[in-house]
Amino acid sequence: MAKPEILLVGPYPEWDLVELDAQYEVRKLYEAADRDAFLQQHGANIRGIATRGELGASAELIGKLPKLEVVSVYGVGYDAVNLDACRARGIRVTNTPDVLTNDVADLGVAMMLVQSRGMIGAESWVKDGSWAAKGLYPLKRKVWGRKAGILGLGRIGFEVAKRLTGFDMDIAYSDVSAKDYADGMTFIADPVELARHSDFLFVTLAASAATRHIISKEFIEALGPEGMLINISRASNIDEDALLDALEAGTLGSAALDVFEGEPKLNPRFLKLDNVLVQPHHASGTIETRKAMGKLVRDNLAAHFAGTALPTPVI
């Protein structure tokens, strides 16, 4: 029996490629010098897409794959997949929730600590001889006992909250409704009021058309010149122009960001700032978690082609 043909939108780790090659005829779109010609050659036979969260699958791409049946996303975010186009044709969509939750929460809390305590600059202070030549490193701000806000108390937000309790922090959150599992946390319905309440604000909500630029100019002003914004969700949740304006003017104290519009070609204004910590979208970037994510992508594809229940369906 011929193996199903799938389209790989972006590269996966070698351990995933070996497994996919064994089960499918894999067509690697990211290696194509001419994407249109590649899709014209192979598109008619593609039955599945394996993609990454930030790459997704556009309506244009889906439209060029007449036999497409399933889109399997390597990541929890699926906002870059055109769900309307998939629903219109009965195409299934899956993602990889849960397996990356704890690593993402770990990185968010680590970014808060690194940025608040100035650890990147402190290392340079030692290595460039400033410690010996200039003396003690400039004082930074404490973390423990301060106020933390979490925008979106889903899987990742809740794991962030669990970690913050170890720092004896006053934890508040905003979501569509109060959560019965949020023991010891304060529910603040209005995100802007949550920002006003917080010293550290974690963005952990899923991205959608409704949440686009929810981190607005008003929100950023409410967080204020002593506040820190930590984003481990999706770039589209933040109005980057408003964020950059506030960081440059000092009306927002600092930011720690793992995601950016247009990444990896982020706005060069970020690179000139000393009050922002930038990371290369690697919150789930541990060997253990990436292997688990890859397995879940493959499990979803295998279940679809076997006609059994999908492990983690989106639609």
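Q: How many bridges join strand S3 to strand S4, and do the two run parallel or antiparallel?

A: Before counting, note that this is a predicted model, in which local features need pLDDT of at least 70 and side-chain atom pairs count only at pLDDT 80 or more, while totals for chains, interfaces and linings use all residues. Residues are numbered from 1 along each chain as its sequence is written, and side-chain values use heavy atoms, leaving out hydrogens and water. Helices (H or I, at least four residues) and strands (E, at least two) are DSSP runs numbered from the N terminus, and two strands pair if DSSP finds at least two bridges between them. Here strand S3 (residues 46-52) and strand S4 (residues 70-74) run parallel and are joined by 5 bridges, with Thr51 having Val73 in S4 as its bridge partner.

Q: What stands opposite Val70 in S5, and how many bridges join S4 to S5?

A: Val70 stands opposite Arg92, and S4 and S5, which run parallel, are joined by 3 bridges.

Q: In what order do the strands of the sheet lie, and which strands stand at its edges?

A: The open sheet has 5 strands in the order S2-S1-S3-S4-S5, with parallel pairing. Strand S2 (25-28) and strand S5 (92-94) are at the edges with a single partner strand each, so one side of each has no neighbour in the sheet. From one strand to the next, the twist averages 20°.

Q: Is S4 largely enclosed or exposed, and which way do its residues point?

A: A residue is called buried when its relative accessible area is under 20% (exposed is over 50%, partly exposed in between, with a 1.4 Å probe and protein chains only). In S4, 5 of the 5 residues are buried, so the strand is largely enclosed by the rest of the structure. Val70, Ser72 and Tyr74 point one way from S4, whereas Val71 and Val73 point the other way.

Q: Which strands does helix H12 lie across?

A: Helix H12 (residues 287-306) lies across strand S1 (5-8), S3, S4 and S5, and runs at about 170° to S4. Such angles run from 0 to 180 degrees between N-to-C directions, taken from axes that are lines fitted to C-alpha atoms, for helices over the stretch in contact, where contact means heavy atoms within 4.5 Å.

Q: How much space lies in the largest pocket, and which residues lie nearest its centre?

A: Rolling a probe the size of a water molecule over the atoms shows where empty space is left. On a 1 Å grid over the protein atoms alone, a pocket is an open set of points with protein on both sides within 12 Å along at least five of seven lines, a cavity is a set where a 1.4 Å probe fits but cannot get out, and lining residues have an atom within 4 Å of a point. Grid points are joined across faces, edges and corners, and a volume is the space filled by probe spheres set on the points. The largest pocket holds about 1,100 Å³, and its lining has 50 residues, with Val76, Gly77, Ile156, Ala206 and Arg234 nearest its centre.

Q: Which residues line the largest cavity?

A: Asn231, Ala235, Ile238, Glu240, Leu243, Leu257, Val259 and Phe260 line the largest cavity, which has about 30 Å³ of space.
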